[in-house]
Amino acid sequence: MTRQSSRRNFLARLAAGAGALALTGCDRLVQDDNLDALLRQTEKLTLAGQRALLSRHALAREYAEADLSPVFRANGTQMPDSNEYARLLEGSFTDWRLQVDGLVERPQSLSLAELKRFPSRTQITRHDCVEGWSAIGKWQGVPLAHVLDAAGLKPGARYVVLHCADELEKTLDGNGRYYESIDLIDAYHPQTILAYGMNGKDLPVQHGAPLRLRVERQLGYKQAKYLMRIEVVDGFSTLFGGKGGFWEDRGYEWYAGI
């Protein structure tokens, strides 16, 4: 096993332990203000350390066709529970559009067909889930960088927020809807793609159809599924729980680098 693989395995197990802590009755520790502040500072050190040690464009390991996992578990939601998503699915996503807005010069409303006309990238990578399992899959999609360049970033743009169709909790303020965020370094990484294909076929519903994020240097909960909107922002502290993602608002780390 390579040093990089060992590190990925260690960090995946560490994150899984942190996730279990938050989900098994010990979340009162995460909700302690002093402990939360300490964890956030540690996360900043991890981010700074990884960015200092690795090139911005250092690639996650890519694999061969022979390495594809015979079974690739579907994480999180298997099917969004909404009439709108059911309608889009019934129409084979013909009416679906990806909205790109926020701090952009040219807001976009892109159909699946239009996204497929962008230059594409295919990559075979390993998905490391916070629950402790891994699988290797083949992903095809458009690099997020191309979509952001088409929209044009305004001054002050720092993060990309990905809004999804799946709602894990019913809340009045929308805080139960899945969302994620990454910074522009990860957004412009060559392996960060908006995937519409998996293992040579259209992206299956259980894996996020019609479009999902693949940000290969981070853990599975960052790989947002069922994408509906991309919002470019200067910060996310006022968005939902203020931590930059559905699970982050519930105690997970915002930066899940591996």
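**Terms and values in this model**

Mentor: Let us begin with strand S5 (residues 159–167): eight of its nine residues are buried, so S5 is largely enclosed by the rest of the structure. Before we go on, this is a predicted model, in which local features need pLDDT of at least 70 and side-chain atom pairs count only at pLDDT 80 or more, while totals for chains, interfaces and linings use all residues. Residues are numbered from 1 along each chain as its sequence is written, and side-chain values use heavy atoms, with hydrogens and water left out.

Trainee: What makes a residue count as buried, exposed or partly exposed?

Mentor: Relative accessible area decides: buried means under 20%, exposed over 50%, and partly exposed in between, using a 1.4 Å probe and protein chains only. Of the 258 residues of the protein chain, 49% count as buried.

Trainee: Why is Phe93 called buried?

Mentor: Phe93 has a relative accessible area of 10%, so the term buried applies. Ser92 has 58%, so Ser92 is called exposed. Phe93 is found in the loop between H4 and S1, and Ser92 has its place in the loop between H4 and S1 too.

Trainee: What can you say about phi in Ser92?

Mentor: Phi of Ser92 is near 55°, a positive value in a residue other than glycine. Phe93, which is not a glycine either, has a positive phi of about 65°.

Trainee: How do you know what to call a helix or a strand?

Mentor: Both are DSSP runs, numbered from the N terminus: helices are H or I with at least four residues, and strands are E with at least two. By that rule, the protein chain has seven helices and ten strands.

Trainee: And what makes two strands a pair?

Mentor: DSSP has to find at least two bridges between them. S5 and S6 have six bridges, in the antiparallel sense, so they pair under that definition. Cys164 stands opposite Leu227 in S10.

Trainee: Which strands does S1 pair with, and in what sense?

Mentor: Strand S1 (residues 98–102) runs antiparallel to strand S2 (residues 108–110), with three bridges joining them. S1 and S2 form a hairpin with five residues between them. With S10, S1 pairs in the parallel sense over four bridges. Look at Gln99: its bridge partner in S2 is Ser109, and Gln99 stands opposite Arg229 in S10.

Trainee: Why is the contact between Lys138 and Glu65 called a salt bridge?

Mentor: A salt bridge is a side-chain nitrogen of Lys or Arg within 4 Å of a carboxyl oxygen of Asp or Glu. In Lys138 and Glu65 the closest N and O atoms are 2.6 Å apart, so the pair meets the definition. This pair links distant parts of the chain: Lys138 is in strand S4 (residues 134–143) and Glu65 in the loop between helix H3 (33–53) and helix H4 (83–90), 73 residues apart. Glu65 has a relative accessible area of 46%, so Glu65 is partly exposed.

Trainee: What about the side chains of Glu180 and Lys222?

Mentor: They meet in a salt bridge at 2.7 Å, N to O. Glu180 lies in strand S6 (residues 177–183) and Lys222 in the loop between strand S9 (212–214) and strand S10 (227–233), so the pair ties together parts that are 42 residues apart in sequence. Glu180 is at 0% relative accessible area, so it is buried, and Lys222 at 0% counts as buried as well.

Trainee: How do you know that Arg217 and Asp186 form a salt bridge?

Mentor: Their closest N and O atoms are 3.5 Å apart, so they fall within the cut-off. Arg217 is in the loop between S9 and S10 and Asp186 in helix H7 (residues 184–187), so the pair ties together parts 31 residues apart in sequence. Both Arg217 and Asp186 are buried. The structure holds 15 salt bridges.

Trainee: Where is the cis peptide bond?

Mentor: That bond joins Ala209 and Pro210, with omega about 5°. Pro210 is found in the loop between strand S8 (201–202) and S9.
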